[in-house]
Amino acid sequence: MLHIKKWSRKQRSLFFALSALATAVIIVSCLYFSDSRRFQILAEDLFASELSGNMLNLHYTLAYPEKYGLSGEALLPSYEPGSEENDGSEAVRSTLEQLSKIDSRRLDEDNAYTYELLNRYLTIHLSGSSFSYYNEPLSPSSGMQSGLPILLADYTFRSPKDVEDYLHILDQTDTYFGGLVQYEKEKSQQGLFMSDSAAADVIEQCYSIMDKDALASGTHFLHTTFVERLDSLEKEGIISKSQKEQWISENDRLLTTVMAPAYENMADAFTVLQGSGVNDKGLYYFPEGRAYYEYLLASTTGSSRSISEIKTLLFDDFRKNFAAMAALLEQFPQLTTMIAANDETFPYSTPEEMLEDLKARMAADFPSFPESEENSRICYTIKSVSPSMEDYCSPAYYLTPPIDDMTDNIIYINHKNSPDALTLYTTLAHEGYPGHLYQTVYSQLYMNRQDTSCIRYLLHYGGYVEGWALYVENLSYEYAQALVQDPLTAAWYEACRLNRNIQLCLYSLLDIAIHYEGATPAKAAAILRKVGITEPQTVSAIYDYIVEEPTNYLKYYLGFLEFLSLKDRTRELWGAAFSLPLFHQYILETGPSDFQGLDDKERLLRFIKQFQ
C-alpha cells in the first residue's frame, strides 16, 4: 500500500520553492543551450558556406572535408560583371543581425571569445563594403596571376579524387582569370585602374609565368610538380601507371589549351587597359582613398589604434633603434667598414641544420607543442621556388597545412638572391621555428584539442601572423649571436637586427605618408635620403612597392610593435609570475586574434591564475 505522508506548511513551502528553482534552472538551461546551439549552428553554417563554393580554399583548409560533411563539385569561383554592386555586404549584415540575437554571456568562455572576434571581424569588413573597386587582385607584387600557380603547384594529392578535382580547377582557369580581367575593366571605368608601370609588370608576368618554351619542353613547373605528385601516388599503390600517364597527358593539354591562353588573354586585356590609370601614386589621390586606407589598415593588421597613435608608436621605435645603432657603432667603430660577417664563422650551412638549431635554442623561451597524436609525425620539408617564379615570390614563405592534418609543413626558399648565413638563419626562424610553422601548428593543435569553433580557422589576422614572425625573428638574432665567439661578429649580427628594424619601421612610416598623407615620389625620396638611401632605382622600387601593396609593411612591423606592447602590459599585470614561455603560451593558446582581444585585461588575468 502506498503510504502518503502529509507535509507541513513549511515543508510545502520548501517543496514549491525547490520546484520553482528547478523550473527556473530548466528554463535558464534551455536559454543557455539555446544560445550556445544557435551560435554553434551559425558558426558551422558560415564555415561551410565559405568553403563549399571554392575547392581551392576547401582543399587548403581541410585534408578530409568529408569528415566535416563537406563535399561537392570542384569549383573555382569567378567574378561576374557588375557583381561588385552586390558584394556580399547583405550576407554580412544578416550574419551580424543573427549574432545580435545571441547573448554572448550565455556562451562558454571559448565560444564567447569567438563571438567577440567574429562580431568585430564582420563589422570591420562591412565597413569596407563601400569600397567596391579599391581592391587589387592582380597586383604585380602579390596578385593571383602569380598566386594561383603557386597554389596549384602545391595542391596535395591524397587520392584519385584530388587529382580529378585539380584537373577540373585547371579547366576553369580561363573563366577565373576572365572574371578578374572583367573586374579590372570595371575598375578602369571607375577611374581606379593601376598605373602604367604596374600594368606593364603584370603583362610581363603573364608571358613569363606561362613560358611557352617550358610548356613545349615539358620543363614547366606545373608539369614537373604534377608528375612528382602522381609518382608518389603510384609508389603508394593508389593509382596505376596507365592512369598516371593518362592524367599527365590531360594536365599538359589543359596547360596549353586553357591556362596558357588565359594568361595571353589577360596580357592582351592589360595592354588595352594600360594608360587608363589616372593615379600612379598612393591611395590618397583616389576619391575615397584615405577612408579606404583606414579600413585596410584595421582589417589587415588587427590593430585598433588610430593612425596618429600608430605614427607615434613608429616614431618612438625609430628613435630608439637609431640611438641603439649609434651606441653600437660607438662601441664597435669597425662595424662601419664591414661589408658582412664571414659566413665561415657561422656553424651551419644548410636550412635543415639551422632549423634544428633553432628548435633546440627556442626550447627555453617557448612551450612545447600541446599533447596530440600528431606530435611525433609533425615534420617539415624545404623546397626551392621554381626559377620561373623567383621574380614574383618572397625570399621565403611557409605553406600553411590543412587544419585537420598539421603533420606535413613546407617552407619555400627563393634562391634568386642567395642569402648569407645569418639572413638564411633568421629567415628560417621567421618562416619555421619559432615562426609561422611553430605558431600555426601549436595554435591549431591546441584549438583542435579544445574543440574550438571551426569559424576561428577562417578569421585571418595579418598582424597576429606576420607580427609574431617578425617578433621571433628578432629573438633569432640573439640565438645567432650565441653561436659565435667573436664579439665583433656578434655586434655585427646585432647591427643587422637593428638595421632591419629601422628599415621596416621607416617603410611603415612611408606607407602612411604615401597612402594617407599624399607623399609624392619626390617627398618619399627626400625622406629616404635622410637615412642614406639615395640610389634612384632603389628609391623608385621602394616607392612603387608601397604604392602597389598598401599596409603590407605595417602588417609586419605594427604587428611586431603590438606584441612588444602586449609583452610590457603582460609583465606589468602578471608581476613576478611573468615568464617568456608563459607569455608565448598565452598568445599561442589564444590563437589568431586582433590585438584588442589579446590585450584584454580580464583574459590575461584569467590565464595566469591557472599557474598560480
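Start by selecting T426, which sits in helix α15 (residues 421-431); helices here are DSSP runs of H or I with at least four residues, numbered from the N terminus. You're in a predicted model, where local features need pLDDT of at least 70, side-chain atom pairs count only at pLDDT 80 or more, and totals for chains, interfaces and linings use all residues. Residues are numbered from 1 along each chain as its sequence is written, and side-chain values use heavy atoms, with hydrogens and water left out.

Is T426 buried or exposed? It is buried, at a relative accessible area of 2%; buried means under 20%, exposed over 50% and partly exposed in between, using a 1.4 Å probe and protein chains only. Now show the side chain of T426: one of its polar atoms lies 3.2 Å from the backbone oxygen of T423. Leaving aside residues up to four places away in sequence, T426 touches E473, S476 and Y477, where contact means heavy atoms within 4.5 Å.

Next, move along to the loop between α15 and α16 and pick P434. The peptide bond joining Y433 and P434 is cis, with omega at about 0 degrees.

Now colour helix α16 (residues 436-450) and helix α17 (residues 462-481): their axes come within 9 Å and cross at roughly 130 degrees. Those axes are lines fitted to C-alpha atoms, for helices over the stretch in contact, and the angles run from 0 to 180 degrees between N-to-C directions. The pair is therefore oblique, a label for whatever is left once angles under 35 degrees are called roughly parallel, over 145 roughly antiparallel and 65 to 115 roughly perpendicular. The crossing of α16 and α17 is right-handed, meaning the near helix is turned clockwise from the far one by less than a right angle. Show H436, Y438, Q439 and S443 on α16, plus Y464, V465, E466, W468 and A469 on α17, to see who makes the contact. By class, that contact has five nonpolar, three polar and one charged residues; Ala, Val, Leu, Ile, Met, Phe, Trp, Tyr, Cys and Pro count as nonpolar, Asp, Glu, Lys and Arg as charged, and the others, Gly among them, as polar.

Stay on α16 and zoom in on S443. S443 is buried, at 3% relative accessibility. Which backbone oxygen lies 2.7 Å from a polar atom of the S443 side chain? That of L588. With residues up to four places away in sequence set aside, S443 touches Y464, L588, G591 and P592.

In the loop between α16 and α17, click D451. D451 is not a glycine, yet its phi is positive, at about 60 degrees. D451 is exposed, with a relative accessible area of 66%.

Compare T551, in the loop between α20 (536-548) and α21. T551 isn't a glycine either, and its phi is positive at about 70 degrees. T551 counts as buried, at 1% relative accessibility.

From there, select helix α21 (residues 552-574) along with helix α12 (residues 289-301); the two axes come within 9 Å and cross at roughly 55 degrees. That angle makes α12 oblique to α21. The contact is made by Y293, L297, T300 and T301 of α12 and L554, K555 and L558 of α21.

Last stop: L148 in helix α5 (residues 144-153). L148 is buried, with a relative accessible area of 0%. Not counting residues up to four places away in sequence, L148 touches L56, T173, Y176 and F177. Between L148 and L56, the C-alpha to C-alpha distance is 9.4 Å, although they are 92 residues apart in sequence.

Terms used. Helices (H or I, at least four residues) and strands (E, at least two) are DSSP runs, numbered from the N terminus. A polar contact is a pair of N or O atoms within 3.5 Å; within protein, one must be able to donate a hydrogen and the other to accept it, and residues adjacent in sequence count only if both atoms are side-chain atoms.
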